[in-house]
Amino acid sequence: GQRNRGWGQGYHWLLCLWKLDLSRMMASGMRAAALLVLTASAVQGSDLYGYHNNKQKFFQPAHSSTFQLVKLGNVNVTFLDKTNLLGYDGQDFVQLGKYSVETRLGMITHCNSANFNDVDGIIGFGWANQNRSAAILKTLTQQGRPHWDIDQPGGFVPMPRKFAFAANEEVGELQLGGYDRSSTLEDMHMFPMAGFAYGVNVTSIKFGSLELLDFDVAHDAYVGEFDSGTTCILLPNSTVNSTFKKSPFEKLLDAQNKGEAHPLIYTIGGREFNIAYEECVEPADKAMILGDPWFRKWIIMHDLEDLKNKKMGLALRNPDYKLGVETDHVTLDGGAAAGPVVAKGEEQQLAQFKPVSKVRAVRKERPLKTALTATMYGGEHVDKVALHSQSRVTYNVKLSVGTHPQPLEVIFDTGSFMLAVFAEAPPPGSKPIMAAEAGAASGHSGAWAG
C-alpha cells in the first residue's frame with residue numbers, strides 16, 4: 001500500500017496492523033493502545049497453519065548454564081486478530097545495551113500465524129510497578145527483584161529509570177538512562193505524564209483556525225498517548241461519552257473535504273507542536289495516539305525517576321544528528337572485534353563497556369550497519385541501542401539471552417511491558433521454581449505478572 005499525502009482519504013501505508021489486547025495482563029491498569037506491525041518469529045509448530053521460521057533462530061535454554069524453568073504452560077497471549085502465542089515462563093540473564101540483568105521472561109514455543117515470521121520476540125518498555133510485575137524496565141532499574149528471589153550480581157549499576165526514543169524513515173534509536181543532548185536542537189520540554197500509559201494532556205488541536213477538540217463544559221484536556229508502534233496519528237472518532245461536542249476526526253474530515261490543507265497544531269502544557277499535513281491520521285473509537293510521526297520529529301523522553309511525578313519530554317531532533325551511528329564492533333554473543341571503530345566525524349568521548357554497550361541493527365529491506373555510543377550528559381551515562389524499522393514502525397532491537405549469550409532480535413514496544421522470546425522447550429528434567437498453585441493464586445499469568 002501507499003501512504004496517503006493527506007488526512008482522512010486515500011490509502012495509508014498500513015501493513016499487518018494488530019492491536020494488542022493487554023488489558024487483562026496489565027495489573028497496573030496501564031492501557032495498551034499500541035498498534036503494532038508484527039512480523040515476528042516463533043520457534044516450533046511447523047505444523048501450525050501459515051507459520052514458518054525462515055531464520056531457524058530461537059533461544060535454546062539447554063545451551064544456557066543460567067537458565068531456570070519457572071512454570072510450564074504459563075504463557076498464553078492472544079491478539080485481536082486471533083493470533084495466539086503459547087509457551088512457558090523462564091528465568092535467565094538478558095543483555096540490552098550495557099545492561100545485563102537476571103529476569104523472568106516468556107518463552108514462546110507455539111504460534112498459529114505467519115504474522116510472527118522472522119522476528120525472535122518482543123520487549124515491552126511499558127511500566128508496571130507491582131512487586132511481581134513482569135516489566136523488564138522495572139528489572140533494569142532496580143538492584144534486584146526480591147519477590148522473584150533475584151538479586152543482581154555484584155557490580156551491577158541499575159539503569160536510571162528513564163529512556164528516550166527517536167526515529168527517522170530508516171532507523172530508530174533507543175537511549176537508555178536518559179537522552180543525548182547532542183541529538184536535540186533544544187532543551188527537553190518536560191510535561192506531567194497523564195493517563196495510564198506514556199501520555200500527556202492535550203488541550204487543543206487546531207487545523208487552520210478550526211479547533212478539533214471541542215470540549216464539553218466539564219472537560220478541558222484529553223490524554224494523548226505516545227506509542228512508537230503506531231504508524232499514524234490517531235484521533236477519536238466519537239464524542240467519547242460527551243467529552244467532545246463533536247468527533248474530532250469527523251471535524252477534521254469535514255474540513256479536509258472542503259479542500260483545506262493545514263498542519264495539525266497540538267497544544268501541550270501551553271506549548272505548540274506542529275504535525276505536517278502530509279502525515280497520516282486515522283480514526284479511533286476513543287484513543288488519541290501520538291504515533292510514529294511524533295517520534296520522527298522529536299526526541300521523546302520517558303522519565304519515571306520519581307514515580308510520584310512521572311514526566312514525558314519533547315525536544316526537536318537535531319537534523320545533523322545521525323541516528324544509529326556505528327561506533328564499535330562489540331557483539332552480543334560475547335565476542336568482539338580487535339578494537340573500536342569510530343565513525344568518521346564522530347567526536348563524542350566513547351565509554352567502553354563489557355560485554356557490550358552498543359547494539360547493531362540492520363534494516364531488512366536494505367542492509368545497513370548501525371550502532372550507538374554510550375555517552376555522558378549532565379554527569380549521567382546515556383546508553384543507546386540502535387533499532388531499525390522492518391515495516392516503518394516495527395522497531396527491532398538486538399539483545400541477548402542466557403549464558404553463553406544467545407543474540408536475538410525482538411520488537412521494541414512502548415505500549416506493553418512483556419518480554420518474551422521464541423524458544424525451544426526447557427531441557428528434560430527441568431524442575432519449575434514456582435509451584436503451579438503460586439501463579440494461579442496470584443490471578444495473573446506468571447511471566448506477565450511475575
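In this predicted model, Phe 207 stands opposite Leu 210 of strand E13. That pairing belongs to strand E12, which also pairs with E14 and with E16. The briefing below covers these strands, the nonpolar cores and the cysteines.

**Strand E12 and its partners**
- Strand E12 spans residues 199-207 and is joined to E14 by 4 bridges, the two strands running antiparallel.
- Within this pairing, Val 200 lies opposite Gly 224 of E14.
- Strand E16, residues 264-268, pairs with E12 in the antiparallel sense over 5 bridges, and Ile 265 of E16 is the bridge partner of Lys 206.

**Nonpolar cores**
- The largest nonpolar core comprises 68 residues, of which Ile 123, Phe 125, Tyr 266 and Trp 294 touch the most other members.
- Beyond its neighbours within four places in sequence, Ile 123 is in contact with residues including Leu 96, Ile 136, Val 397 and Phe 412.
- Another core, of 12 residues, lies apart from it and includes Val 77, Ile 108, Ile 122 and Ile 411.

**Cysteines**
- The structure holds 1 disulfide, formed by Cys 232 and Cys 280 with their sulfur atoms 2.0 Å apart.
- The link is left-handed, with -100 degrees about the S-S bond.
- It connects distant parts of the chain, 48 residues apart: Cys 232 sits in the loop between strands E14 and E15, and Cys 280 in the loop between strands E17 and E18.
- Both Cys 232 and Cys 280 are buried.
- Cys 111 is buried because its relative accessible area is 1%, under the 20% limit.

Note on methods:
Residues numbered from 1 in each chain as written. Predicted model: local features only at pLDDT ≥ 70, side-chain atom pairs only at ≥ 80, totals over all residues. Heavy atoms only, no water. Core = buried A, V, L, I, M, F, W, Y, C linked by side-chain atoms within 4.5 Å. Buried < 20%, exposed > 50% of the residue type's maximum accessible area, 1.4 Å probe, protein only. Contact = heavy atoms within 4.5 Å. Disulfide = S-S within 2.5 Å. Pairing = 2+ DSSP bridges.
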